Every structure is written in structure tokens, then in C-alpha cells.
Amino acid sequence: MVRWLPKRTFRIFLTLFLYWCYGVSTVRGAENLLTSFEIRHGYAYPRWISVAEGELIHLRLLVPMQTGDRCLYREPGSTKDIDVHGEEQRMQLPDAENNPTVINDPFVNGNECGIRVSPVQQRDAGFWRLTLVRGQEQIRGVTMVDVIERPILPEVSDGSVGSLEDISPDRTEYCYVQRLDGGSEGLNVPMHERCSVPLKETDPTGAGMWRVVAGVQGQMREISYGIHIENKEEQIVPSVHQEPDYHVLSCHLRYTRLMLKFCRFIRLADNLGLNVMPGLGTTRYGYTGAGFERNECGLEIHEPDGLDKGLWKCVLGYGDAELTKVSGAILDNSDTILPLAIIEREATVTAQNRTLTMLQCNVNKPIDYCWFRGPHGQFYSLSEALAPEGNTGHWYSGISLAMGDCGITFESISDLEHAGLWHCYAGNGRISAVEVSTTFTVRISVSQMISVADKVEARTGFSALLGCDSIPKGTPLQYCRFVTPTGEAFSLNENVTNERPILDRYYTNPNHDLAKGSCSLVIASVGPDDVGEWICAGKIEGHPTEHIATVELVDPQDDSTQQGDGRSTLSAASISGMVIGSIAIVATAFGVGWWRYRRRLHEEVTTVNQELQMRSFDSLGTSPDLGHMMGRLQIGETISVISSDSSGSTRASHQSFRLAH
């Protein structure tokens, strides 16, 4: 039945149809009654009226009465016409118990066929008929009366509201809004069908006292009331309710004029995502709440299991035709109270030099604040108000602190400034006075490929693992390849396995995945030629050329200085070798000096002994002539020389002197 027509339009059409049905019944002279403009446009006035319960309505015909005319009315649902001036008309006072309809003072202007009904009740809804009888002539008109409930004011129990939400009564026709503690400029311009606070650049929040004057449908008296608007920001109020066989997780969006568009829940234990909406669900999960119109996002869990009894996040999208905002909250559905802790972070963050990069650590509860400390003592304090437009070079990253998200995005990360060990701190004073913190490493590359480690140590004859990743992490690679320190080059794929290695010892790491941007090589047995700088190269999908990274393979048993990146780098073995070598040099110098000292001392002792021996020969009474004495000795005779060392011990030294005549 013409369901596509608006309600008010349908009523008008219905009224016109009834005019046609009732028509004008005349016996003679009908033409004289149909000559005026008012008659041609309807006999009853008004044709349709919407009235609130308890109000008064005035119905009349547009044909003036003359002496001797009669005025009849018929109530909705009745088949009997009642004379307005007769004894049957319902002229009586309202009764406190049943509050009947009363017909008051039928003549307003003295020559009008009409009635006034007060107070209007629900039973008065329907078609009222008025009939003017003039002799044998009759003129009838019908008015459709729609009885509605009394208008409801905004829900302000104490005269205050928390935001600039709709402050209009039900079925507002027009309204004026005026600030009570300021000028009256707000009353100069009426608003149609909806009241709103007239904000200005100098008064962006509308906080303070206001007076609303509104005309509403179905009621003659205007409504006037005062409101107090508090300066409250948009917020999401989370709640958790647990019963033995079901749990309810809810997020209520408050203090906003915007309407909820979508509602999403994420189970952090396994990242299960649920698109929650009224009327849609599964055997275990379903929507609960008063609806998106009231900005309520709720999840009901039937027979919750172990994974359900943990941390959840609700994500709400809300806005209007031109704007969509996203916010949310974190909810703890555990059986026990969990302490404040950091639950999500990366041990190593890789980035390309001079590019946009985000660092993030997430907490298991709402947080009031968070901050980062850089490798050189830099201090970065964050808030949701820190936006990219602030020209600070960094800004807050994440949905909201209420969701435990703590992240910072750098417009251009720098190797010299940002590479190294970082600290992340977060706090919630309502839960713990002690902040939670964690550490992670930031590694920066000049290209979009970066080695897993700058240096890998492996002994000759043992296996080694070399690898590189794409930047951003997880960006797919079309292919990857390696170049050895000696210049040999080869590519890797799933067919290069330990059963089919390249050059008898190189094969693909079975754990690497090009689709996730990971390229990795296994060296089955490191040889001397493998020690040095390797090149890892890969082509990222969508890029015209490949990117490269370098990694150095060192042998810890090699004491030589390793060169890398144009700078001297020493391994632990090299440093140990240098220390041992220095000790050896000092010991050798000391030994050489000691040997020279002993030799000189020995020569001096030998000279003294020889002199003593010469004196002994003289004491034998032989010829004092040394040549004569020496001649008495047989050629080849041995002379014993006794010498003493520095320790005082004695030893015999047999030296042969060949004496010649």
C-alpha cells in the first residue's frame, strides 16, 4: 500500500481522496456555494493536523453560517452526527481518572461552523467530519487528526550535557539558541528542524550556559530550557562483563556528533578479527548494544574458550558523509589481573637512510603517555596531538593511547643520528607508578636491502649462514643472488638445496622466503676463499633495478686485521694476537739484554783467570821467560780454567789451546 510514499504525503493524498468521496451534497443552488476561492481549495480547515497529547485543536468549515443553519460534527470511528448546539454534544469538564475529550465553545467568530477539542487524547486520532446544513443543502468537510506523544527534551538530568551532541527536542520545527553568559546574537537566526550551538572561531568548544527556545510539532506553546555544555573531548568508554557462560565486551563512543560506521574486535592472542554489526553473528560471537545509531559497539561471546579470555582491541570507525575517524580501546578479558607490560615490539627495526620510518611498541593496557630515548640520549615525548603538520620531523603513530599504542614516525631517519640501541617507555599512573620499558635496535641501510648482520664469524671447515632482507621488511623480492669475496656470483631459488649445492658448498636456506623479502645462504663448509666481504643483491617487486647489501665473513682464528666498509676492524682473535705479540717482543728484548750482560761478565772473568794462571807459572821456579816456559808444554796439552757465574756456583771449562813454537 504505497509504502514508498512519505507519511505526511500519504496523509494528504488520503485526505483529498476523502474529499472526493464525501463531496458536496446539494439539492439546489450548489453553484452559489462553490464560487469562492476557499471553497475550491477545501471545505474543512485544516485538512490535516498533527497534535501532541494534551493540546487543543480547532476544526472549522470555510463556509460562513447564516441564521437558521445547523453545524454537525462526527468523531473518528462514529457513524452518528452530533449537533454542535444540541444537547448531545460533549460539553463537560475533564475527569481526572479517564480524562475524556471535551468540546468547548463551538462558535469562535459567531458565524463559523467549527469545534475545539481539548485535551486531545489518542482516541481522538482519525477523521473528523463537519457538516453545515442550510435547509435542504449540506456541505461537508473532513480533517485528518494525527495524535502524537508529547515532545521529549534532550536527556539532561542535571541541566548539563557532555558535548555538542543534538540538543533538539523531538520533532523540532524551529529553534533559537542563545548564550546566557554572553550576547543574544544566537537568537537572531532561527534554525530549522534541528538545534545546534552557534560556534565561532573565538568560541570553538561552546562550553558554558545556553538557552534553547524551540517550536515543536503538535504543540502551540514554545519549549524553553537551559543547558550547560561541558568541554569534553570525544572518548570511547570500554567495559567488560563476565558471566559463567558468556562474556560481553563493549566500547561506547561518547561526546561526539558523528555516527558509528563500523565496529571491529581483534583478539590479540591470534589476531582473530571480527566485523561486528547488528543482526550478524556466529554460533559463538554476536553483536550486543543499542545500535550504531547510539554509537554502541559490543561483542557477546558465548562459551568463551582460553583464547577468548585474554586481551582484545575494539576499533571504531565513525564520521559523516565527508569524514571518517578511527579510534578504539583495549579490553582485558582475562580471569586474572595482568600487570602493565609491553606486548608487541620488534627486536630489530630496519630502515633505509633518509626515508619515512616508524618505531613502535604496544602495551597491554591503556596508557596515559609514552616516550622514546634514542641511541645518543635523544628524548622524544609523544601525544596523540603530535601530528605530521607540526613540522617537528616526527609525530605520534598509532590509533590511540587508549589502545596501548605507542609509536613514533620519523619523516627522514638518519644513519648517523638514529642507528643504534633504542628504549621505549610507557606509563599509566592509575595502574602502576613504575613505567614499563623495552629496548630494540635500529639498523639503517643506504639501499632497500640490508644484511641480517654486518659481520658473521665462522671458522674454516664449519658452516655459516649469510642473509639480507628487503626494506620495508616483508616487501616481496623477485629474485636474490650472492657474490663471494673472490668474485664468484650465483643466484638462489628453491631448487638449490643441500643435496644440490652450488660450487659444492653453497645452497638456499630453507627458512628464507622471497615472498616475504628474505634472502639467505648456507655455506656448508667455510673455506679460506669465503673469508671477506660478500654482496647480497635482490630485486624488489615494482622496482626497475636491484638493490644490494654487504656482509663480512671473518674467521675468529685469523689474527690479521679485517677491513670493512673502508675502515679497519679487529676481531677478538686479532686483538689477542696483538697482545701476545707485544708480550713476546718485550720478553725477547729482555732476553737479548740479559745474554749480552752474561757474555760481557764471562769475558771479564776469563781475563782475570788467565792472569792468575800466569802468576802461578812464575811461582814454580822456572825460567821467568814466558817463551821458555811455554816451550816446556807439550803441544796439545789442556789447561783447565775455573770460572764463576753471577750466581756464585763454579764450573769447569775445558778449552784447548794449540801452542806453537
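**Entry 1: disulfides.** I began with C263 and C297, which a disulfide joins, S to S 1.7 Å. I used the rule that a disulfide is a pair of cysteine sulfur atoms within 2.5 Å. The link of C263 and C297 is right-handed, with 60 degrees about the S-S bond. C263 sits in strand β18 (residues 259-267) and C297 in strand β21 (residues 296-302), so I noted a link between distant parts of the chain, 34 residues apart. Strands here are DSSP runs of E, at least two residues, numbered from the N terminus.

I then checked burial, where buried means under 20% relative accessible area (1.4 Å probe, protein chains only), exposed means over 50%, and partly exposed lies in between. C263 is buried at 1%. C297 is buried too, at 0%.

I must keep in mind that this is a predicted model: local features need pLDDT of at least 70, side-chain atom pairs count only at pLDDT 80 or more, and totals for chains, interfaces and linings use all residues. Residues are numbered from 1 along each chain as its sequence is written, and side-chain values use heavy atoms, with hydrogens and water left out.

**Entry 2: two further disulfides.** How many disulfides does the rule give? I get eight. Among them is C251 with C314, sulfur atoms 2.0 Å apart. Its S-S torsion is about -95 degrees, so this disulfide is left-handed. C251 lies in strand β17 (residues 246-254) and C314 in strand β22 (residues 311-319), 63 residues apart. Both C251 and C314 are buried.

I also looked up C480 and C519, joined S to S at 2.1 Å. The torsion about that S-S bond is about 80 degrees, so the disulfide is right-handed. C480 is in strand β36 (residues 477-483) and C519 in strand β39 (residues 518-523), 39 residues apart. Both C480 and C519 are buried.

**Entry 3: aromatic pairs.** Rings of Phe, Tyr and Trp (its six-membered ring) pair if their centres lie within 6.5 Å; planes under 30 degrees apart count as stacked, over 60 as edge-to-face and the rest as tilted. I find 13 aromatic pairs in the structure. One of them is W371 with Y425, stacked at 4.1 Å centre to centre, with 10 degrees between the planes. W371 lies in strand β27 (residues 369-373) and Y425 in strand β31 (residues 420-428), so the pair ties together parts 54 residues apart in sequence. W371 is buried at 16% relative accessible area, and Y425 is buried at 14%.

Last, I noted a cluster: ring pairs link F372, Y380, F410, W422 and F440.

How values were computed:
Helix = DSSP H or I, 4+ residues; strand = E, 2+ residues; numbered from the N terminus.
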